[in-house]
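Please look through the sequence and the structure below before reading on.

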Amino acid sequence: MRDDQERHDPPVNNGLVINGGTHHVGNQAVGHHARAYSGSVSFSPQDREQAARTAELLTRVDQLLQEHRAALADPDAAGRELGRLREELDEAEPQPTVLRRALDRLTGFVQPVGPLVTAVGQLAASVQGLPLP
């Protein structure tokens with residue numbers, strides 16, 4: 001190779017290209033180390049440590065709701081949804097659909113407030129048995 005020539009590696013396409021026709025696509029993952037999962041989010045039983053973490057996060061979200069009440073469009077609805085979530089978690093066998101709906105609604109109610117969005121995301125991860133970031 002001459003000094004005035006640069007070596008170019010072939011381009012890598014980590015995207016998705018679809019041309020023409022009709023395409024029905026299921027779960028996809030695109031990019032380096034990407035993964036796609038099928039099925040619904042599961043709520044596995046919590047061990048004592050995780051249940052304690054969830055309880056701490058419920059308390060933290062409640063505190064943040066009080067602190068940022070004025071910034072929320074409907075603080076009462078957010079509080080009711082947190083209460084609904086707490087009640088369902090206190091059940092012997094919490095229903096995944098109720099938990100999911102409460103978490104989704106709570107997430108929507110707290111959207112304008114960054115600290116609340118973060119805390120509710122951590123709460124959702126704890127409730128769902130997912131590792132926290």
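## How the helices pack

In helix H2, Ala77, Ala78, Glu81, Leu82, Arg84, Leu85, Glu88 and Leu89 are in contact with Val98, Leu99, Ala102, Leu103, Arg105, Leu106 and Phe109 of helix H3, where contact means heavy atoms within 4.5 Å. By class, this contact of H2 with H3 has 11 nonpolar, no polar and four charged residues, with Ala, Val, Leu, Ile, Met, Phe, Trp, Tyr, Cys and Pro counted as nonpolar, Asp, Glu, Lys and Arg as charged, and the others, Gly among them, as polar.

This is a predicted model, in which local features need pLDDT of at least 70 and side-chain atom pairs count only at pLDDT 80 or more, while totals for chains, interfaces and linings use all residues. Residues are numbered from 1 along each chain as its sequence is written, and side-chain values use heavy atoms, with hydrogens and water left out.

Helices (H or I, at least four residues) are DSSP runs numbered from the N terminus. Their axes are lines fitted to C-alpha atoms over the stretch in contact, and the angles run from 0 to 180 degrees between N-to-C directions.

| Helix pair | Angle | Axes |
|---|---|---|
| H2 (residues 75–90) and H3 (residues 96–109) | roughly 155° | within 9 Å |
| H1 (residues 48–67) and H4 (residues 114–127) | about 160° | 9 Å apart |
| H3 and H4 | about 170° | 10 Å apart |

Because of its angle, the pair H1 and H4 is roughly antiparallel, a word used for angles over 145 degrees. H2 and H3 are therefore also roughly antiparallel to each other, and so are H3 and H4.

The contact of H3 with H4 is made by Leu99, Leu103, Leu106 and Thr107 of H3 together with Val120, Leu123, Ala124 and Val127 of H4, and these residues divide into seven nonpolar, one polar and no charged.

On the H1 side of its contact with H4, the residues include Arg53, Leu57 and Leu64, and on the H4 side they include Leu116, Val120 and Leu123. By class, the contact of H1 with H4 has 11 nonpolar, four polar and one charged residues.

Arginine 53 also forms a salt bridge with glutamate 56 (3.9 Å, N to O), the term standing for a side-chain nitrogen of Lys or Arg within 4 Å of a carboxyl oxygen of Asp or Glu. Both residues lie in H1, three residues apart, about one turn of the helix, and the whole structure has four salt bridges.

## Confidence

The mean pLDDT (the predictor's confidence in each residue, from 0 to 100) of the protein chain is 78, and 62% of its residues reach 70 or more. Over residues 37–42 pLDDT stays under 50, and the model has six contacts for them beyond four places in sequence. Where pLDDT is low, the predicted coordinates should not be read in detail.

Conventions. Helices (H or I, at least four residues) and strands (E, at least two) are DSSP runs, numbered from the N terminus. Angles under 35 degrees count as roughly parallel, over 145 as roughly antiparallel, 65 to 115 as roughly perpendicular and the rest as oblique.
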